[in-house]
Amino acid sequence: MLEAKDLNDLRKRVLADETYTHDEIAAAVKQLISDRLASFEAPTKSKSKAKPVNLDDLI
Amino acid sequence: MEFPRVISSSIRESFSRCPQKFFNDTIIGLVPKGAPNVHLAAGGAYAAALEAMRKEFYTTGDYDLAVALGMEALIRAYGPHDPEPGVTKTFERTVAAYVEHLVQYPPATDHVRPSQGIGPRVEFSFTLELPYLHPTTNEPLLFAGRFDQLADFNGALFIFDDKTTGSLSKWWRQQWDLRSQITGYVYGAQALGYDVIGAIIRGMSILKTKCDTQEAITHRPQWMIDRWKMRLFYDVERMLDCWTRGYWPHSGEENGGCTTYGLCNFYTLCTAQDPSHYIDSNYDRMRWDPIDREMKESQE
């Protein structure tokens with residue numbers, strides 16, 4: 001789970017042109033996507049057995 | 001004071017809503033002092049993210065780099081300012097909207113893709129001459145527009161624009177069927193020789209706890225474009241008439257424009273008997289340039 005403070009730390013470094021890499025940003029975005037996909041599975045009352053979506057399905 | 005050399009949809013809408021507002025923001029060139037409008041900052045940052053992401057993905061196919069460049073563009077466009085407490089369109093929620101777009105419309109399977117020219121046609125701009133002369137330079141007035149993509153959808157060409165909003169109302173889709181901005185985009189692309197048949201508008205609502213999406217597909221038959229063109233010319237003639245007379249009616253007093261999109265930026269001036277006393281303390285002299293797409297300092 002990517003926390004808001006991690007996101008804001010990345011924001012500060014990008015805005016200040018401090019050290020960051022595109023790999024690092026991509027990892028953060030993909031983590032946010034995974035967190036969002038995980039939230040689709042949260043409701044457990046449904047009897048549906050639909051296959052969960054994961055990040056690889058989107059790329 | 002300066003009459004605009006370029007008419008855009010937003011400049012025209014400002015005039016239609018209230019010529020006095022147009023006088024203040026476009027003729028004098030005033031913007032309120034202080035932090036940038038958070039709604040504009042969030043919308044601009046979201047658009048910048050999608051533009052950078054699409055440009056990279058539809059050129060190289062590199063998903064990781066594309067989503068990273070999108071996030072980097074979002075951060076730079078949103079900037080360091082945080083809105084006051086209670087405002088929904090925070091930096092974190094703008095990031096959430098970008099992530100929601102990547103989840104709902106993964107670029108590899110998105111049913112709408114930029115058409116290809118020399119590269120993917122994202123951030124499409126046009127500038128056309130109008131049959132009117134600028135009142136002080138005597139050069140032709142121009143009509144300009146910019147939209148997010150010239151897109152391929154189901155084998156046809158469409159204007160494509162992303163929009164952010166607070167919430168998606170019941171009539172969100174229908175609003176685009178008549179929206180003059182969209183008709184202007186279709187007219188502009190057709191005038192450059194592209195056989196565009198309509199527009200696709202993708203909406204993203206940025207709320208405190210979730211983001212929602214909707215998509216509207218709307219067509220523009222020739223009669224509607226002709227009607228739009230007649231109205232554009234009518235509006236330009238009214239602008240020139242106001243300039244000649246030196247009179248800019250306060251139409252917001254009748255049509256509710258003073259509070260339609262929050263409180264009008266020029267409420268302070270319009271509620272004063274002599275507005276000139278309040279200009280320097282409340283406003284910077286800046287003007288939006290629709291071709292260069294940046295704020296430029298305006299002369300006193």
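Which residues have the most contacts inside the largest nonpolar core?

Mentor: Happy to. This is a predicted model, where local features need pLDDT of at least 70, side-chain atom pairs count only at pLDDT 80 or more, and totals for chains, interfaces and linings use all residues. Residues are numbered from 1 along each chain as its sequence is written, while chains are lettered from A and ligands numbered from 1 in the order in which they are written.

Now, your question. The residues with the most contacts inside the largest nonpolar core are V29(A), A49(B) and L74(B), and that core has 37 residues. A nonpolar core here is a set of buried Ala, Val, Leu, Ile, Met, Phe, Trp, Tyr and Cys residues joined through C-beta atoms within 7 Å. Buried means 20 or more other C-beta atoms within 10 Å of a residue's own, exposed means 12 or fewer, and partly exposed is in between, with C-beta atoms placed from the backbone. Two or more residues each come from helix 2 of chain A and, in chain B, from helix 3 (38–60), helix 4 (63–78), helix 5 (91–104) and strand 7 (196–206). Those elements are DSSP runs numbered from the N terminus: helices are H or I with at least four residues, strands E with at least two.

Zoom in on A49(B): leaving out residues up to four places away in sequence, it touches G70(B), M71(B), A73(B), L74(B) and Y98(B). "Touching" is a contact, with C-beta atoms, placed from the backbone, within 7 Å. Apart from this core lies another, of 33 residues, including F126(B) and W176(B).

What about the place where the chains meet? Chain A gives 15 residues to the contact and chain B gives 20. On chain A's side, helix 1 and helix 2 (22–40) each supply two or more, with helix 2 giving the largest share, eight residues. That side divides into twelve nonpolar residues, one polar and two charged.

Chain A itself has three helices and zero strands, and of its 59 residues, 14% count as buried.

Finally, look at F143(B), which sits in strand 5 (residues 140–153) of chain B. F143(B) counts as buried because 24 other C-beta atoms lie within 10 Å. Leaving aside neighbours within four places in sequence, F143(B) is in contact with I7(B), L128(B) and L130(B).

Methods:
Contact = placed C-beta atoms within 7 Å. Nonpolar A, V, L, I, M, F, W, Y, C, P; charged D, E, K, R; others polar.
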